[in-house]
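Subject: A structure for you to look at

Hi there,

Here is the structure I promised to pass on. Please open it and keep it beside you while you read my notes.

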Amino acid sequence: MSMASLATGGPDAGRRPMTQASGSLASFFDGLRPDWHSRWAWDQYEATILGLAHQFGLRSVCEIGGGRDPLFTQEEAARNGIELIVNDIDPGELALTGRGLKTVRFDIAGDLSEPDVVRGGYDMMVSRMVFEHVDGVERAWANIHELLTPGGVALAFFPTLWAPIFALNHVLPARLSRAIVHALYPARRDGGDDPIFPAFYDWCRGDPAVLAPMLKRVGFAEVHVQRFWGHEYFERMPGLKQLDHAFNAAAARLGWSLVTTHAYVVVRKGGG
């Protein structure tokens with residue numbers, strides 16, 4: 001079954017038996033042949049998750065920080081043969097989760113003492129633009145290891161330092177950074193559909209040599225870091241847009257991990 005048919009949920013997707021786990025994370029991404037530009041990461045995020053689920057036989061998928069904007073509706077998840085469980089630390093965000101989806105409230109970087117926590121309860125855990133807001137990312141990864149079933153997979157998609165655009169966001173005073181984002185993206189103003197949360201960028205890097213030792217230390221048997229360069233922040237700024245694109249294209253050709261803009265960090269727990 002192709003990635004396209006997985007993403008759209010063909011007529012037999014919900015009845016398709018989950019396959020046995022096969023291959024490695026690296027070989028899975030080799031088969032996808034991702035583009036270097038982060039646009040691919042945004043456009044193919046859902047399809048990549050569905051592809052991993054079917055490749056490795058993963059059914060229960062917990063979306064960390066999914067709150068108001070979960071990956072799929074309940075109907076879409078069912079069509080694609082997965083059960084989506086939406087996590088958030090904020091009950092207000094969970095109250096905005098779509099109808100029919102199961103929700104669980106716990107802090108992914110906390111002590112996992114909340115009633116909703118089920119250790120070894122998920123085949124897959126995913127997050128999109130969440131880890132840059134987590135204060136204590138190594139603890140979060142250790143908790144993910146605790147929460148995954150043997151052989152389970154996790155994917156975190158986040159912006160990375162030291163891409164210049166995110167390094168600037170990291171070092172600017174919070175008030176000034178918020179004002180710039182509000183000016184460029186009105187929907188991200190307070191009360192909008194995409195609010196701004198404090199960003200720490202703890203362990204938000206695109207360099208496998210930096211991330212792999214930490215992820216192995218917390219217990220993961222397999223680690224894959226898919227690097228991306230480029231962004232859309234300068235789309236309405238002629239001249240700067242072209243200069244920034246040239247810089248990121250050159251960095252991608254060189255494989256310069258220090259200045260990636262985004263990464264998929266994908267890990268697999270042993271025992272599957």
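Let me begin with a definition: contact means heavy atoms within 4.5 Å. By that rule, G65 touches N87, D88 and V130, leaving out residues up to four places away in sequence. You will find G65 in the loop between β1 (60-63) and α5 (74-79). Helices (H or I, at least four residues) and strands (E, at least two) are DSSP runs, numbered from the N terminus. The C-alpha atoms of G65 and E93 are 8.6 Å apart, although 28 residues separate them along the chain.

Before going on, please note that this is a predicted model: local features need pLDDT of at least 70, side-chain atom pairs count only at pLDDT 80 or more, and totals for chains, interfaces and linings use all residues. Residues are numbered from 1 along each chain as its sequence is written, and side-chain values use heavy atoms, with hydrogens and water left out.

Now to helix α10 (residues 208-217). Which of its residues are buried? They are L211, M214 and L215, where buried means under 20% relative accessible area, exposed over 50%, and partly exposed in between (1.4 Å probe, protein chains only). These three sit on the same side of α10 because they cover an arc of only 95° around the axis; the arc is that of the directions from the helix axis to the C-beta atoms. In general, an α-helix has 3.6 residues a turn, so residues three or four places apart point the same way. The face of α10 turned away from the buried side carries the exposed residues A209 and R217. Packed against the buried residues of α10 are α7 (137-147), β6 (220-228) and β7 (262-269). After α10 comes G219, with a positive phi near 120°.

Happy exploring!
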